[in-house]
Amino acid sequence: MVSPELIEILACPETKQPVKLAEQDLVNKLNGLIEQGRLTNRAGKPVKDKMDAGLVREDGKFLYPIVEDIPVMLIDEGIPLEPL
């Protein structure tokens, strides 16, 4: 589990907006889309690995996955949430 202290200091690498832990329902929905091969990241590449959790940008437009307790804070790895 990512510590609340770490989440508090993390920010979107693109806009520097704060991020917050994603609701479990959203993570479950995204993992379902990953299983179906229907989820792509900002780079347009299919997301293949399920995530344990995620960090949602303050404006709600992107989620950065957390895999094995490590936040993946790379712009191209962000998952667009708007079409969902």
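In the predicted model, strands β3 and β4 (residues 70–71 for the latter) run antiparallel and are joined by two bridges. Within this pairing, Ile66 has Pro71 of β4 as its bridge partner, and in the hairpin that the two strands form, with two residues between them, Glu68 adopts a positive phi near 50 degrees.

Strand β3, which spans residues 62–67, is mostly covered, five of its six residues being buried. This strand also pairs with β5 (residues 79–80) in the antiparallel sense, over two bridges, and in that pairing Leu63 stands opposite Ile79. A further antiparallel arrangement links β3 to β2 through four bridges, where Leu63 of β3 is found opposite Val56. The hairpin of β2 and β3 has four residues between the strands, and a positive phi near 75 degrees is taken there by Gly60.

Strand β2 comprises residues 53–57 and includes Arg57. With a relative accessible area of 4%, Arg57 falls under the 20% cut-off and is therefore classed as buried. The side chain of Arg57 is joined to that of Glu14 by a polar contact of 3.0 Å.

Technical notes:
Residues numbered from 1 in each chain as written. Predicted model: local features only at pLDDT ≥ 70, side-chain atom pairs only at ≥ 80, totals over all residues. Heavy atoms only, no water. Buried < 20%, exposed > 50% of the residue type's maximum accessible area, 1.4 Å probe, protein only. Polar contact = N/O pair within 3.5 Å; in protein donor to acceptor, adjacent residues only side chain to side chain. Pairing = 2+ DSSP bridges.
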